[in-house]
Amino acid sequence: MATAQQEAQNKEEEFEPKIIAFLCNWCSYAAADLAGSSRLQYPSNIRTIRIPCTGRLNPLLVIKALDRGADGILVSGCHPGDCHYIDGNYYARRRFTMLKELLEFSGVEPERLNFTWCSAAEGRRFAKIVKQVVDRVESVGPWQGFLTEPGFADGMEVGEIEDGEFL
Amino acid sequence: MPDPVVVVGGGIAGIQAATDLAEMGIPVYLIEKSPSLGGRMAQLDKTFPTNDCSTCILAPKITSCYNHENVTTYTMTELINVEGEPGNFRVRLKKRPRYVDEEKCTGCGDCLDKCPVSISDEYNMGMSEYGAIHKYQPQAVPNVAAIDASECLKINEDKCGVCEKICNFDAIEYKQKEKKFVVQAASIIYAAGYEGFSGDLVSDYGYKKHPNVVTSLEYERILNAAGPTDGHVIRQTDGEEVENIAFIHCSGSRDRRTDKNYCSSVCCTYSIKHALITKEHIKDVNVDLYYMDIRTFGKGFERYYNRAQETEGVNFIRSRVSEIEPGSNPGDLKLKATDDDNGYCEQEYDMVVLASGLEPTQQVTDSLQKLKVRTNKYGFVDMDEFNPLSTSRPGIFGCGVVNGPRDIPESVMDASGAAALAGQHAVLDVKDMGVEAAGDQEFRVTQNERTRVGVFVCHCGTNIAGVIDVEEVKEKAAGIPFVEHAEDVKYLCSSDSQDLIGERIKEHNLNRIVVASCTPRTHEPLFMDAIAEAGLNPYLLEMTNIRDQGSWVHKEEPEKATWKAFELIRAGVARVKNALPLERGEVDNIARALVVGGGAAGLNAARELANLGFPVSLVEREEELGGHATSLKHSLEGRPVKPHLDRLIAEVKGHELIDIYAGHEIKDITGFVGNYKLELIPPVPKEVRSDKDLVEIEGGVVIVATGGQEFEPLEYSYQDSEQVITQLELEEELSSENQSLVRDDCEEIYMIQCVGSREEDRPYCSRICCSQALRNAVHIKENHPDKDITILYREMRSYGYYEDLYRKARDLGINFSRYEVDNKPEVSRKGDELTLKYEEPLSGKMITAKPDLLVLAAAILPREDNLTLSQMLKTPLNEDQFFLEAHVKLRPVDSATDGIFLAGLAHGPKNLSETLAQSRAAAGRAASILSKEYLLTQATVAEVDEELCIACGDCERVCAYKAIEVNEEENVAEVNRVLCKGCGNCTGVCRPHAVDLNGFLNQQIIDEIETLLAKDDSEFAKTGGV
Amino acid sequence: MKMENSYKDLSAEIKEVAKKVLAEEDVDQLLGFAQGEFSGLTEPVIIKKAEQAQRMVFTEDATPMLSKYLLEYKEKKQAVVAKPCDTRAIAYYLSEDIIDRKNLVIIGINGCPGLKDNTACDECDTRNPVISDYQVGEEISSAELAAELKGVKYLLEDMTPAERKEHYSQEFARCTQCYACRDACPVCYCDHCYVESNQPEWVEEGSSADKDMIFHLMRTMHMPGRCVNCGACEMACPEGIDMRSMTTHLYHKAEELYDFRPGISPEQPPLLSDFSKEDSEPGFL
Amino acid sequence: MIKKLTNQDLKALLKELRQEFLVIAPFKVKQGRLMKVLYQPVKNDEQLSSIYLTDQPDASPKEYFLPRDDKLGEETAGADCEPADWQDQPRIFLGVRSCDIAGIELFDDVFIENDYIDPFYQQRRENSIIIGYSCSEKADNSFCQEVGVNPVDNDNVPLMLYQKEEGFFLKINDEDKLKEMGILEKIENLADGTDEDLEALINERQEAFKEDDFTIKSELPFPEKEAFSSVNWEEVTASCLGCGVCTFYCPTCFCFKFFWEDVEKNRAWDSCMFSLFTEHASGHNPRESQEQRWRQRLMHKFSYHPKNYQGEPGCVGCGRCVSKCPVNLDIRKVIAHFENSIVGEGVKGNEG
Amino acid sequence: MNKDFKQTIKNRPGGENLSLCYSCGSCTATCPVSEQVEDFNPRLIIKKSLLGFSEEVLSGEEIWQCIQCRRCVSACPQNVRFADIVRVLRELAVEEGHFAEDLEERLDDYDKEVLRYRLEILEEVLAGDKDFEDFSLKAGGD
């Protein structure tokens, strides 16, 4: 294992983003499988978490993944209208739109937040999307967290001292 | 055990029929001539009118059919002949050699790209190539390769043999021989499907001569992301993306020159689908549709058409194309057609798609003859419209396109209906049927044990091990906290490996298993069985996909793939450590059907269910049975309805298993699948009625067959002239003794179509009016040739064989004129004299007539009380207030609510024969539930933590299955485990995280996230160790 | 220049209406504001008898959201003095069906003059009650409201995302994790907040600013379609932390993308448990 | 010994002290939309002019003794955490008022002068010199005199400052300590003041503090039994949101919790106003409702603490819990309600 | 409007299938005359006949424009046989006196003449004696 691990670590210097992919079981996970059986090659940076439906994905889990240091996120479900569970992805679409708006507002680069749809027949699209997502995340570099100074500061000691001739 | 049923054809119709029968507990032999299940639907890209991805909705259905314990699938198998009687057929079958052992082949695909031979890919309509050894389609079921003997070098010339050398399973068998064998069957369902018309059927279109002329099935593959062009709409000649494309409707259909005068029924709507999807693929593409009549008569199709026309900018040109010639640039095509305004016109396109119709293959027609089943002149099964789905030979039933042109939902309906009929021959004892082995098995209690995870890493021959260093992964995995045992295995899916897993579980007392191999989508059931076999709860398994999403896609980066595999396993361990031993719950099921509505649909459904052996309670609000059908005098084929209806009513009344509640109104409906309760108001006058009189009936399923009603026209002087009647009133008139309206001095009869249908506030087609008008007009003309009859229509929608009726009507001299919806005929009345004025759009002439009788084709409306009923049933209506099916394609008789089925006009406009077929389907679907002593709930369902729940109702609002509801008394949400499908939408929306989804717990996903992102082993030791 | 009612006039009117309600309506209690006995500060009070109504006031310090207290006593029949933002919170409760309209007598404040130091009042788009049984004060017309709102920018609108990231780094460094923001929020009414759950542990324990940021991001994701932009969170914060800019952003985005304004009608389904097939997909791949 | 200083003298003194000490003094600090007065370390000599003594600081200096999030170090099996060697400079806290001094004294009682010594607190405390400050006017919502705190004068700190017009009196209470710390030599050369002048100032000020609407009529400790049987706490605390801001700003609240980041043990502020404060792992919570938590807070300060510490109140009357409360819930109102409720019982004071 | 017109046509040999027409337009689309002459529209002629506009159909010149190439017959999916119907219409037009009795005959002769001229040109061009440019198409018409 030593070799493999070293290899992986050596390469890390050139930034190997870690991307958490939440894929719905029925379409996008199947598309990922199809990409495999079609032997389409894509970067190894994604780590897939299989969920039954994008509707299952509580947006807090995405925040959690970023909190834990994911450089990028990919969420992919069935195309709108194709949901195995009738309309789960329509709800998911609103949740993710709001999540994206919030995170981008607070300074997360849009390149890290990737939401899309991929049907069970779209193995090629899946491979393309992974490549695209890896490129996007690489373009903004490693994720440093939600704050510029994430550390603890004593509450009292922060703030701006008002200059004045009080004494 | 009931006797088996043979289902011929593994397309969507066969799969549905086999699944329904299997769910009833009847053993099924499913025979498919190709190497994979799936049929035509598996080749389609999207499906109308929702543009659903075809594979996405079909694949789960195929898998569950193939894996069903009651289904035995024979691929590459054909039927030779059938001897015997219903209940005891001997079916002789022939299985062609696959040259690959189906048991041994794991579908690993090692051999596929090594084959030196290239042959045309049948699945992609010959537009791409694969080897002599190939998988019929990428998602083949069974997932097994096959060798095309005619091309194989080894078989033909005893050269090569590379696939045998490469195969690690010893699965290649060049010496395989054709096998003939006999199975016993109680009945047979024939669902052998269809062929698209050959592209050169209409020689003027130059198919094959012009490479850029393709058929619709070929176009499906072109549109498909997994097809020969990866979903790019490009031309075969130069690979250029298409900018200008034409679709030619009726390419071969409605054409006496091809001997196919029938309408193929589906081409109009699928061409609209093609047009819309082409528009999605290519921005600014010009799409022209050449058609004669747009026949979007199915449920929801008219809106689809309107959308294409009004918002998507698809051009519709009312003309048949006479011929296709080469265009001015190479590869371009020139179409010659007729313009409504200017006569002759010609237009050039980059690509032309022929909307080819449906026909039974010669093979189908031949084997029908071998089965001694009568076919009609077009080669389809000859079918009695009062006894749909039955063939001329008792015990043999047809479903799908063998019965005539039809779309997917109709085929699926056929299938469930045929299952209901075929099942009647197979059933021995209802109590014996289909009791699923619920939590029969006792599993080891592991809750109080220390967590001991077993990790099994599969080489999959070289599929994984060729890229990933499996042994290193195993070594490393052994060091993950909680891992008690790690092992690498050559092929985990082989049966001795399954035994090995069991042994290791016992040896090391393992209580969690991680299998690192291929995709859980196909292999999870296998490994779940294996660990259940060893006494471990099957939900304590986690699969990590290091092949399909590992070695196969990272071939160039073996180190990274190895590291990734390890990380995935580590995350799998983190996830499985919090897995709960889940169980499927059992819920009592009342073996009685509640049929609401005593019209043709309800009566027929009740009869079929009773014939299957299930008790039925039939509720009808009127005192008399028969419903809408009592006012029909003759069928569309012209046969009297009454004798058939009377016989049906008599059969139902006389059936010992059927209780009839005539004159009863429904007061309330409660419960859910397995346990529905109807509260009925008996026919006691209001004044003397008390609560004591209310009747309560219970059943496991409800069939909604409440019918529809005829629109009462407000226009065309209907309200103020006796000479203006509806088609239904005309039928009554025609059957009465003294015909008061169609008398001698009534010389001129006009009929107006689409009265109340296909208008802004009712944008659906009532489907049957065109054929009904044709039928009535022909009837009059045949009896009174002197009468001058004119039918004013917008599109003549004589789909299927009714096209013959249309031709007959024209032949008899009945006049046809079109009108436009924004320029409707005007009718005025002066005394007894009616004046009708309309503009004939082709000639632009204003025509004035003085009809003696004006017959209006009034729309079919949903019943006004549909809304009340739908609220009681908690099942939705569609935009037009008809009952909405669970899925427009694949669950056309199921409502969105489990255990509620739809039949007849309550579901949407349809003719009597279609109603009878659909009610049989409802019976078949109902039987698949009723036959179970218990209903099993899913194990991976949502669960509510009552402490956390705030009763905000978000979960209830997002649940598509009404499986979670706020209990107003207790102020908490409650999950109905029977209804829950485990989608987790409630879990995704819940703020206090009170709802969690078993199998996908928040804790599990968080652990997985944290472990996947752990920077190194030591960090993992911390997070993974807690 | 805001067209508004004076606190004095409103106080007087509220007293009268409160007396009337307590005397005539069959209510168990009335929620309002009174002057603190020792502090002189405005504090929420529960009043049960008409004679106690004399104590009632409405001042520029009437910050607490009385709507929130309704949920504590939802079995009782209650009257409440409701600022327009309170009425929106109440309409939201009704849309979730967590409180019974029959148990409510709403005394709505028309032409709300706003509160001291509450920046949310500067961008307030609801200055009359959306639902009420009694009303005090003069209504503000929609034209007047529109004129006032013209050119109003919402919090941090002009910053770049990177500037905001810096801003939040400064802000959350002060957080003491008292969660007064949550406790003061009328639509944060879970019995057990996710931040206090340790299995699973949504927010890890510890006082570093990034954990506070996580808490607020997660809380904000519970807010789209719920936050009525009342500013109570920010007003409650003893450290003066700006967390409202996040919820406010989604408040405006929901309006922009879905034409959705939380709590404007009891019939409106909550934003995230509803969808339209035509919803846009901004920024999706 | 009393010294007399001009503003310049004080600044010069502080400048000198800064050579050896970390001087922590109140400043006006802008935090977000709020302007607060907070103790902050003086970072440079220029800042000395900005020291702001006029108003009561928004927070007591307790955070410098019991940090909000105290990293205690690695905890290994079977061994307690030991404080790492204190590396910081010795600290001087300038301008601490009597209420906050009383708060620190209370901490000393709890963390040092007890059977259990908290080594973390002890190190910080012994490393600190406090220069007290005499209040010239009553802070908003304060009631210090009602709990036995003299806002104007204090002998419990080594040095006490009294501001007067353009200058200060500096009273030296503990020469030994100052000598030991090497401070005395820096003060000795300053101009002397007179006891009379200072006394006059103190008396004048005390006059101003006499009037208050609020008095505590009961003796400490408050009776415990009646608190449980005779008081409707809900009636008076219904508006409480349970945010615990009162306890965070309280100079005497010291409750904490432990948590671990991996193997690092941490100690962070906790609050009896939080519902989780008393929740058992089983899910059972002995103080289920907010009014029960209020009862606990009040009784801890006015009954349990006095009982355990020779009748000393657990409240220093600084009034911050009232000023900081998001719903302006007033502890004085609660005390008054308590007293009114038990008056009917004929109880006044309880030594039990 | 002549309601019997349709029946009149159907009663004559060649006109039997008139009413089978469903107006698909294949005839017009394939017609070489329609390609040249905008107003010549077999689909419309059939429709007008079916509607009974006998006067308009019979008196118009359109029915004489057909060159009887019969492409419409092979293109028609319903076997309406427009070329045959045109002949019936011409008969009727003559019978009703709209056109001279020998018009058909003379057109035939003229067609034969045109054909002869065509062959002549072809012969000379193929023989290399002349070029197509040497023949004025208009000359033949004059």
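Modeller: Strand S48 of chain B, residues 891–895, is mostly covered, since five of its five residues are buried; a residue is called buried if 20 or more other C-beta atoms lie within 10 Å of its own, exposed if 12 or fewer, and partly exposed in between, with C-beta atoms placed from the backbone. This is a predicted model, in which local features need pLDDT of at least 70 and side-chain atom pairs count only at pLDDT 80 or more, while totals for chains, interfaces and linings use all residues. Residues are numbered from 1 along each chain as its sequence is written, and chains are lettered from A, with ligands numbered from 1, in the order in which they are written. Helices (H or I, at least four residues) and strands (E, at least two) are DSSP runs, numbered from the N terminus.

The partner of S48(B) here is strand S47 of chain B, residues 885–887, which runs antiparallel to S48(B) and is joined to it by two bridges; two strands pair if DSSP finds at least two bridges between them. Within this pair, Glu885(B) stands opposite Ser895(B), and the hairpin that leads from S47(B) to S48(B) passes through three residues.

Another covered element of chain B is helix H25, residues 1002–1012, where ten of the eleven residues are buried; among them are Ile1005(B), Ile1006(B) and Ile1009(B), together with the charged-side-chain residues Asp1007(B), Glu1008(B) and Glu1010(B). For classes, Ala, Val, Leu, Ile, Met, Phe, Trp, Tyr, Cys and Pro count as nonpolar, Asp, Glu, Lys and Arg as charged, and the others, Gly among them, as polar.

Chain B also holds an open sheet of five strands, paired in parallel, with the order S15-S22-S16-S17-S18. Strands S15 (213–215) and S18 (315–318) of chain B have a single partner strand each, so one side of each of these edge strands is left without a neighbour in the sheet. Neighbouring strands of this sheet are turned by 25° against each other on average, direction ignored. In its S16–S17 pair, strand S16 (residues 244–251) and strand S17 (residues 286–291) of chain B are joined in the parallel sense by five bridges, and Phe247(B) stands opposite Leu289(B) of S17(B). Helix H6 of chain B, residues 267–281, lies across S16, S17 and strand S22 (351–356), and runs at about 170° to S16(B); axes are lines fitted to C-alpha atoms, for helices over the stretch in contact, and angles run from 0 to 180 degrees between N-to-C directions.

Two packed helices are described by the angle between their axes and the distance between the axes. For helix H11 (residues 470–478) and helix H15 (residues 558–576) of chain B, the axes come within 10 Å and cross at roughly 35°. By class, the residues of the contact of H11(B) with H15(B) are five nonpolar, one polar and two charged.

Turning to the chains, A and B share the most contacts of the seven pairs in contact, with 58 residues taken from chain A and 56 residues from chain B. The side of chain A that touches chain B draws its largest share, eight residues, from H2(A), and has 28 nonpolar, 16 polar and 14 charged residues. Chain A comes to five helices and five strands, and 65% of its 167 residues count as buried.

The contact between chains D and A takes 23 residues from chain D and 15 residues from chain A. S2(D) gives the most to the side of chain D that touches chain A, with five residues, and that side has ten nonpolar, seven polar and six charged residues. S2(D) also pairs with strand S5 (residues 160–161) of chain A, antiparallel over two bridges, and there Ile161(A) stands opposite Val29(D). Chain A and chain E, by contrast, do not touch, and their nearest C-alpha atoms are 36 Å apart.

Terms used: Contact = placed C-beta atoms within 7 Å.
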